[in-house]
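Please look through the structure below with its strands and its nonpolar core in mind. The explanation that follows takes these in turn.

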Amino acid sequence: MAKHGEGPTVDAFVVGLQENGVKLHLPDYSMDDFAFVCGNSQANPFSLEEEGRVLRAEDVALRMLDRVKVRVGIDDSRIHARLKLEIVEPVLPTP
């Protein structure tokens with residue numbers, strides 16, 4: 001895998017919703033991991049609505065079992081490198 005989010009783009013499915021992101025299942029890798037919807041220093045444009053069933057911002061709504069495209073990469077900005085998932089489709093709003 002390439003570093004800094006420059007890896008392959010694969011299909012994923014939303015299997016969990018939180019205010020700051022979504023838990024995704026990646027069938028190609030038979031794994032689940034979390035993707036943040038905004039950076040740590042950014043205002044979060046998303047809100048969890050309908051009793052936790054929809055994560056919404058502007059014209060983007062993420063629901064359970066929605067298919068999304070993610071770019072898989074490695075975040076090596078910390079002592080221990082970790083997997084980094086970036087949602088590329090649908091296009092997320094920027095704060």
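**Core and sheets**

Leu24 is in contact (heavy atoms within 4.5 Å) with Ala12, Phe13, Val14, Val15, Met31, Asp32, Asp33, Ala35, Val68, Val70, Leu85 and Ile87, leaving aside residues up to four places away in sequence. This is a predicted model, in which local features need pLDDT of at least 70 and side-chain atom pairs count only at pLDDT 80 or more, while totals for chains, interfaces and linings use all residues. Residues are numbered from 1 along each chain as its sequence is written, and side-chain values use heavy atoms, with hydrogens and water left out.

Leu24 also belongs to the largest nonpolar core, which has 20 residues. Such a core is a set of buried Ala, Val, Leu, Ile, Met, Phe, Trp, Tyr and Cys residues joined through side-chain atoms within 4.5 Å; buried means under 20% relative accessible area, exposed over 50%, and partly exposed in between, with a 1.4 Å probe and protein chains only. Val22, Leu24, Val70 and Ile87 touch the most other members. Two or more residues come from each of the strands E1 (9–18), E2 (21–26), E5 (54–57), E6 (60–63), E7 and E8. The largest contribution, four residues, is that of E1. Strands (E, at least two residues) and helices (H or I, at least four) are DSSP runs numbered from the N terminus.

Five strands make up an open sheet with antiparallel pairing, in the order E3-E2-E1-E7-E8. Its edges are E3 (31–36) and E8, each with a single partner strand, so one side of each has no neighbour in the sheet. Neighbouring strands here are turned by 50 degrees against each other on average, direction ignored; axes are lines fitted to C-alpha atoms, for helices over the stretch in contact, and angles run from 0 to 180 degrees between N-to-C directions.

Within this sheet, E7 (residues 67–75) and E8 (residues 82–89) run antiparallel and are joined by seven bridges. Two strands count as paired if DSSP finds at least two bridges between them. E7 and E8 form a hairpin, with six residues between them. Asp75 stands opposite Arg82 in E8, and Val70 stands opposite Ile87 in E8.

A further open sheet has three strands in the order E4-E5-E6, again with antiparallel pairing. E4 (47–49) and E6 are at the edges with a single partner strand each, so one side of each is left without a neighbour in the sheet. The twist from one strand to the next averages 30 degrees. Four bridges connect the antiparallel strands E5 and E6, and Val54 has Arg63 in E6 as its bridge partner.
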